[in-house]
Amino acid sequence: MRRSLDAADEQELVRRVAHGDRRAFDELYRRTAPWLEVRLRRRCADADVVADVLQETYLTLWRAAGSFAGDQVSGSAVGWLWTIAAHRLVDAFRRRSRQARTPQVHQVETVVPAAEDEVLAGRVGQELEQALAVLPPEVRAVLRATVLDGFTVRETSVLLGVPENTVKSRIRRARIVLREALS
């Protein structure tokens with residue numbers, strides 16, 4: 001049986017999958033998954049999204065192989081598989097964009113600080129204000145979003161339209177500059 005699968009082309013494997021042949025599915029996966037993963041990674045750097053898309057693609061292949069296996073269908077099985085994967089990748093991007101919508105900002109009740117705290121804050125505030133003025137505007141924006149507005153790194157990333165790692169590196173850079181300026 002293994003030799004006949006080795007000799008079968010991808011179209012034949014899809015036809016066999018349409019009839020429920022698990023070995024044909026395994027052989028088709030073995031042949032096409034590495035290639036398909038590389039193509040998906042060229043379009044998406046998130047390994048989790050690529051893994052999900054691969055899984056959804058082969059699940060769709062298993063369920064819909066009969067729609068390709070007909071005699072009147074033209075085109076290659078590999079092309080059909082790539083079409084499925086590309087559609088699943090677009091769906092994943094749409095899901096991600098819906099989940100990454102800017103979160104609602106909730107009003108927080110403020111508490112009036114003690115007089116001692118106001119005096120101390122005024123003194124520290126002037127030093128902090130001078131230190132903040134030295135920071136580049138993009139770093140100040142990250143600090144404003146994370147510290148003053150209380151957004152998470154992910155929320156700040158969506159809000160400012162920069163990658164999460166960029167937000168993290170800007171926070172680190174700001175902390176270093178502020179620590180040096182305030183010590």
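A contact here means heavy atoms within 4.5 Å. That cut-off sits behind every "touches" in these legends. The model is a predicted one, where local features need pLDDT of at least 70 and side-chain atom pairs count only at pLDDT 80 or more, while totals for chains, interfaces and linings use all residues. Residues are numbered from 1 along each chain as its sequence is written, and side-chain values use heavy atoms, with hydrogens and water left out.

**View 1**
Thr57 lies in helix H4 and touches Leu36, Leu81, Ile84, Ala85 and Arg88, leaving aside residues up to four places away in sequence. Is Thr57 buried or exposed? Its relative accessibility is 0%, so Thr57 counts as buried. For the record, buried means under 20% relative accessible area, exposed means over 50%, and partly exposed is in between (1.4 Å probe, protein chains only).

**View 2. Thr60, also in helix H4.**
Here we look at Thr60, found in helix H4. Thr60 has a relative accessibility of 18% and therefore counts as buried. Its contacts, not counting residues up to four places away in sequence, are Ala65, Ile84 and Arg88. Thr60 and Ile84 sit 24 residues apart in sequence, yet their C-alpha atoms are 7.6 Å apart in space.

**View 3. The whole chain, for orientation.**
How many helices does the chain have? There are nine helices and zero strands, so to speak in DSSP terms: helices are runs of H or I with at least four residues, strands are runs of E with at least two, and both are numbered from the N terminus. Reading from that end, the elements go α-α-α-α-α-α-α-α-α. Of the 183 residues, 27% count as buried. Take the contacts with a separation of 6 or more: 58% of them come from residues 24 or more positions apart. The accessible surface is about 12,600 Å², with 52% of it belonging to carbon and sulfur atoms; the areas come from the Shrake-Rupley method with a 1.4 Å probe, and for residues only the protein chains shown count as cover.

**View 4. Aromatic rings around Phe25.**
A search of the whole structure turns up three aromatic pairs. The rings of Phe25 and Tyr58 have centres 6.2 Å apart and planes at 85°, so this pair is edge-to-face. It links distant parts of the chain, with Phe25 in helix H3 (residues 22–43) and Tyr58 in helix H4 (residues 47–68), 33 residues apart. Both partners are buried: Phe25 has a relative accessible area of 10%, and Tyr58 has 4%. Phe25 also pairs with Trp62, their ring centres 5.3 Å apart and their planes at 85°, so that pair is edge-to-face too. Again distant parts of the chain are linked, as Phe25 in helix H3 and Trp62 in helix H4 are 37 residues apart. Trp62 is partly exposed, at 32% relative accessible area. Put together, ring pairs link Phe25, Tyr29, Tyr58 and Trp62 into a cluster. The cut-offs: rings of Phe, Tyr and Trp (its six-membered ring) pair if their centres lie within 6.5 Å, and planes under 30 degrees apart count as stacked, over 60 as edge-to-face and the rest as tilted.

**View 5. Arg39 over Trp82.**
What lies over the face of Trp82? Arg39 does, at 4.1 Å from the ring centre. The test asks for NZ of Lys or CZ of Arg within 6 Å of the ring centre and within 35 degrees of the ring normal.

**View 6. Leu13 in helix H2.**
Leu13 is found in helix H2 (residues 10–18) and, at 0% relative accessibility, counts as buried. Leu13 touches Leu5, Ala8, Ala24, Glu27, Leu28 and Arg31, with residues up to four places away in sequence not counted. Leu13 and Asp26 are 13 residues apart in sequence and 9.4 Å apart in space, C-alpha to C-alpha.

**View 7. Ser157 in helix H8.**
The place of Ser157 is in helix H8, and Ser157 is buried at 11% relative accessible area. Beyond residues up to four places away in sequence, Ser157 touches Val162, Pro163, Glu164 and Val167.
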